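Here are a few exercises to work through with the model open beside you. Try each task before you read its solution.

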Amino acid sequence: MTCTCSTPIRWVAPLLFFLALTLGACGGDDKDTPIADRKVRVVTTTSMLADLAREIGGERVEVEGLMGPGVDPHLYRPRESDVARLVEADMVLYNGLELEGKMGEALEQVEGLGIGAEPVANTVRSSRLLQPEEFEGAFDPHVWMDVSLWRDVAETVAEVLADADTAHAEIYAANLAAYDAELEALDEYVRARVQDVPEDQRVIVTAHDAFNYFGAAYGFEVRGLQGLSTATEAGTGDVQDLAAFVADNDIPAMFVETSVSDRSINAVLEAVRARGGTVEIGGSLFSDALGDPDTPEGTYEGMIRHNVETIVSALSGDTTGPVAARVPS
Ligand code: ZN
């Protein structure tokens, strides 16, 4: 009996060889291949943007985020290995609104090479941006904390990707529609869940002012210690002022953040107790970086859900939540 598969086998080997060559070229630094015939190489600054680029780009993109878990974007300086990643990118997505305070020069150089660098949060309507007093006229960059604003940023990311890779514009539009529906549901979940916190307990006290958009969108007063950027150290007067506020208002819990040292919030804790107050650390919030990639908090949606559950559990006296297990040592 003749084996009918002999012909395919003869052809498969050269085909694989050819594919290996082609794919090798696509995955490497050969930018001569038209963008429509390979994946779009996207480099982002924050992990929130890396997650968003993956959601909107899907199969069409290869995404690298420069800032990993626990990294503070206000203080981050690009490393040598980042330069190679930036140079090989088709586009760089960054937050803007002065979040990446130490990356200005690197981003300018990238643009000098003709690589598009897009400050995607800058496209949020200015009427929806916050200008807290302590930032002296500049906008608050932490827009991802309001899910409805993140929906605007998602739209911008889809536009930027479709402009660069016009042949696949329909894919980006479809991915945006699907992800936007998820974000809409997430926004509704937050609005409903925060109702479990009694109105007079809706106060978030943290180490830095990352939660102003969260507060404005979902009805919480927000008190941070270091002002908008973590680049400014809190002074003793600030610690005492915040401690007086926490003690006078019987705030049950304050929060630490995964990307900011807990030193200053612990100083407030001690100062409150010295005044006879009984505040606790209510858990750890993800403010300026996602969690580890293989945990639920490694996605934007997981980050928001973790923060909301932590805040609601700590401020509503609900001890069944995930808080106790997640307080960092
Ligand atoms: Zn921040």
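A residue counts as buried when its relative accessible area is under 20%. By that cut-off, both F214 and F220 are buried. Please keep in mind that the model is predicted.

**Exercise 1. Find the donors of the zinc ion and decide on the arrangement they form**.

Solution. 
- Step 1: List the donors: NE2 of H74, H142 and H208, along with OD of D288, coordinate the zinc ion at 2.0 to 2.2 Å.
- Step 2: Check the angles. Four donors count as tetrahedral if all angles lie between 85 and 135 degrees. Here the 4 donor atoms subtend angles of 95 to 124°, which makes the arrangement tetrahedral. For comparison, the ideal angle for four tetrahedral donors is 109.5 degrees.
- Step 3: Follow the donors along the chain, where their spacing reads H-x67-H-x65-H-x79-D.
- Step 4: H208 sits in the loop between β5 (203–206) and α7 (212–218), and D288 in the loop between β8 (280–285) and α10, so the pair ties together parts that are 80 residues apart in sequence.

**Exercise 2. Explain why helix α2 is described as largely enclosed**.

Solution. 
- Step 1: Count the buried residues. In α2 (residues 47–57), 9 of the 11 residues are buried, so the helix is largely enclosed by the rest of the structure.
- Step 2: Name some of them: M48, L49, L52 and I56 are among the buried residues of α2.
- Step 3: Identify the cover, which includes the strands β1 (40–44), β2 (61–65) and β3 (91–94) and the helices α5 (147–164), α6 (169–193) and α10 (300–316).
- Step 4: Step just past α2, and you reach G58, which takes a positive phi of about 50°.

**Exercise 3. Identify which arginines lie over the faces of F245 and Y189**.

Solution. 
- Step 1: R223 lies over the face of F245, 3.8 Å from the ring centre.
- Step 2: R305 lies over the face of Y189, at 4.3 Å from the ring centre.

Notes: Residues are numbered from 1 along each chain as its sequence is written. This is a predicted model: local features need pLDDT of at least 70, side-chain atom pairs count only at pLDDT 80 or more; totals for chains, interfaces and linings use all residues. Side-chain values use heavy atoms; hydrogens and water are left out. Buried means under 20% relative accessible area, exposed over 50%, partly exposed in between (1.4 Å probe, protein chains only). Helices (H or I, at least four residues) and strands (E, at least two) are DSSP runs, numbered from the N terminus. Contact means heavy atoms within 4.5 Å. Donors are N, O and S atoms within 2.8 Å of the metal (3.2 Å for Na, K and Ca); water is not among the atoms, so sites may look incomplete. Four donors count as tetrahedral if all angles lie between 85 and 135 degrees; four count as square planar and six as octahedral if opposite donors are over 155 degrees apart and all others between 65 and 115; anything else is irregular. A charge sits over a ring if NZ of Lys or CZ of Arg is within 6 Å of the ring centre and within 35 degrees of the ring normal.
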